[in-house]
Amino acid sequence: GEVDFDMTRFYAISAMVELFEASELQALASFAATPAGRSALAKLPALGAVLNPIVERQIADAERRFRER
């Protein structure tokens, strides 16, 4: 209830329209329509769950080193 999904969707769509060509968006949609594409996309949150703590730890370590100077 604390996440504004409509706002997130708006910014995600806006960013995709700005970053991708129409042909690239069509290719992504085609990929997502395949069983392998759906499976791969469904695994992205798990990838984020693995990578986010690593990136957060690196940022925290860099902040700590910066403050120690």
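These are a colleague's numbered notes on the chain shown above.

1. **Ground rules.** This is a predicted model, so keep in mind that local features need pLDDT of at least 70 and side-chain atom pairs count only at pLDDT 80 or more, while totals for chains, interfaces and linings use all residues. Residues are numbered from 1 along each chain as its sequence is written, and side-chain values use heavy atoms, with hydrogens and water left out.

2. **Overall make-up.** You are looking at four helices and zero strands; helices here are DSSP runs of H or I with at least four residues, strands are E runs of at least two, and numbering starts at the N terminus. Reading from the N terminus, the order is α-α-α-α. The chain is more spread out than a compact globule, because its radius of gyration is 17 Å, well over the 11 Å that the globule rule gives for 69 residues. That radius is taken over C-alpha atoms, and the rule is 2.2 Å times the number of residues to the power 0.38. Along the principal axes, the C-alpha trace spans about 50 × 30 × 25 Å.

3. Areas come from the Shrake-Rupley method with a 1.4 Å probe, and for residues only the protein chains shown count as cover.

4. **Charges.** The chain carries 8 positive and 10 negative charges, and their mean positions are 10 Å apart. Lys and Arg count as positive, Asp and Glu as negative, with His and the chain ends not counted. Each charge is placed at NZ of Lys, CZ of Arg, CG of Asp or CD of Glu.

5. **The nonpolar patch.** Which residues make the nonpolar surface patch of about 590 Å²? They are Phe-31, Leu-41, Leu-44, Leu-47, Val-50, Leu-51 and Ile-54. Patch members need over 30% relative accessible area and no salt bridge; nonpolar side chains (Val, Leu, Ile, Met, Phe, Trp, Tyr) are joined within 5 Å, like charges within 9 Å. Helix 4 (residues 44-68) gives the most, with five residues. Phe-31 sits in helix 2 (residues 22-32), and it is called partly exposed because its relative accessibility is 39%.

6. The whole structure has four salt bridges, each being a side-chain nitrogen of Lys or Arg within 4 Å of a carboxyl oxygen of Asp or Glu. One of them joins Arg-9 to Asp-6, at 3.1 Å from N to O. Both partners belong to helix 1 (residues 5-19) and are three residues apart, about one turn of the helix. Arg-9 is partly exposed at 46%, whereas Asp-6, at 59%, counts as exposed.

7. Asp-61 is partly exposed at 28% and Arg-64 is partly exposed at 41%, but Glu-68 is exposed at 56%.

8. Ser-39 belongs to helix 3 (residues 35-42) and is partly exposed, with 33% relative accessibility. Its C-alpha is 14 Å from that of Ala-29, ten residues away in sequence. Ser-30 is in helix 2 and is partly exposed at 37%; from its C-alpha to that of Glu-2, 28 residues away along the chain, is 32 Å. Ala-46, in helix 4, is partly exposed at 46%, and 25 Å separates its C-alpha from that of Val-17, 29 residues away along the chain.

Key:
Buried means under 20% relative accessible area, exposed over 50%, partly exposed in between (1.4 Å probe, protein chains only).
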